[in-house]
Amino acid sequence: MAEYTVKDKLSFLKAAAGSGRRLLAPSSKDGRVRLAEVTPDRVAFDYLNTHLSPKDAFFPQTEKMLAFHKDAAKPGAFVYQPLGLDKIQPTVVFGLRPCDARGLAVCDRVFQNDRFTDPYWKTKYEGAVKIGLACQAPGPNCFCTAVGGSPFGEDGLDVLAFTKGEGLGLKTLTPAGDEFLKGLSGLESGGAAGEMDGLKKAAESRLPGPLDLAKAQAAPVMEIYNQPHWKETADRCLNCGTCTFFCPTCHCFDIQDEENERGGVRMRNWDTCMSWLYTIHGSGHNPRPTKTERVRQRFMHKLKYIPLKQGGACGCVGCGRCVQHCPVNIDIRAVAVDMSK
Ligand code: SF4
Ligand code: SF4
């Protein structure tokens, strides 16, 4: 893979925006930084991380999946028409933090695997060149290093960039990243990888060491499931779902038809395992009827089930958003410690 230097961030972003791809990047609005389609001069660099995770770019809060209408030729039958897939534009996403890129990779293994492919996710995710921006100054709630990541992590990225004065150092990580940067003007070869190593060590030294998840991950599922601490955490939890909506790896959704007498649209909306409604069956039975079951599900999913299903990769990438935004200060790191006792 290749390494490059650019003297001026804005020229690089102008070249990226001129590549024929839609540019998604962090920008500031109403005092919050979010990932949005922006012009190069509006791209923010002075941010710790985007307020919401970037999963919305690939898995929107609300998405029209298909339209349907009554089939005039066959009474009782409907005609279905997929929506939106043909409108998805190739994109370059600039400024993904490495924790979030790793979170998207966790979602990618959910949305496309050997049993199932979600065409909405696949078209957006694979159609995007993903350029990460390393965290050279991690924040107080960041703990990517505690769950196997790094502020200079490369998982889920095509290119990793870091700030170098007024410019950028860039390292390509995939053929798609190579191809994209080769087509841009104003890049000088070399001058990134060596400097990146030193900056990576400095940034990692400011972050916590690994969480001890060995017991939680090695113990039989039912041993962790039956631990007594779940009720105490559930007693504090409001089941508000804030943690799940902020989380870059949470991916629960609900599908609803909005219809009238002629037809309608099928919508996919974010949902949350913290909601009683999420698991209610048509029969009226609910397998997670109390907060304890729902709280346990969230943390077991992140720290036990996803590692089991995804070859050890933790379902938490340490972005710290749930820790920052939980109204009752429930901290997944403390839950991990309880699970490992
Ligand atoms: S569980 Fe919390 S810290 Fe971990 S990835 Fe999700 S929001 Fe971030
Ligand atoms: S943000 Fe906190 S209170 Fe709300 S559902 Fe998550 S853990 Fe419970």
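These legends describe close-up views of a predicted model. Local features are given where pLDDT is at least 70 and side-chain atom pairs only at pLDDT 80 or more, while totals for chains, interfaces and linings use all residues. Residues are numbered from 1 along each chain as its sequence is written, and chains are lettered from A and ligands numbered from 1 in the order in which they are written.

**View 1. The open sheet has eight strands.**
Follow the strands in the order β3-β2-β6-β7-β8-β9-β1-β10. Their pairing is mixed. The edge strands, β3 and β10 (188-189), each pair on one side only. Strands here are DSSP runs of E with at least two residues, and helices are runs of H or I with at least four; both are numbered from the N terminus. Two strands pair if DSSP finds at least two bridges between them. Strands of a sheet pair through backbone hydrogen bonds, either parallel or antiparallel.

**View 2. β2 and β6 run parallel.**
Three bridges link β2 to β6 (residues 91-96). Look for Leu 24: its bridge partner in β6 is Val 93.

**View 3. β12 pairs with β4 and with β11.**
β4 (residues 62-70) and β12 (residues 263-270) are antiparallel, joined by seven bridges. Thr 62 stands opposite Asn 269 in β12. β11 (residues 253-259) also runs antiparallel to β12, again with seven bridges. Here Asp 257 faces its opposite, Arg 266 in β12. A hairpin of three residues connects β11 to β12.

**View 4. Asp 30 has a positive phi.**
The angle is near 50°, and the residue is not a glycine. Asp 30 sits in the loop between β2 (22-29) and β3 (32-37). It is exposed, because 6 other C-beta atoms lie within 10 Å. The scale is this: 20 or more such atoms within 10 Å means buried, 12 or fewer exposed, and in between partly exposed, with C-beta atoms placed from the backbone.

**View 5. Asn 329 also has a positive phi.**
Its value is about 60°, again in a residue other than glycine. Asn 329 belongs to the loop between α11 (321-325) and α12 (332-339). Asn 329 is exposed, with 9 other C-beta atoms within 10 Å.

**View 6. Residues surround ligand 2.**
Among them are Cys 237, Cys 240, Cys 243, Met 274 and Cys 326. A residue is near the ligand if its C-beta atom, placed from the backbone, lies within 6 Å. The shell has nine nonpolar, three polar and no charged residues. Nonpolar covers Ala, Val, Leu, Ile, Met, Phe, Trp, Tyr, Cys and Pro; charged covers Asp, Glu, Lys and Arg; the others, Gly among them, are polar.
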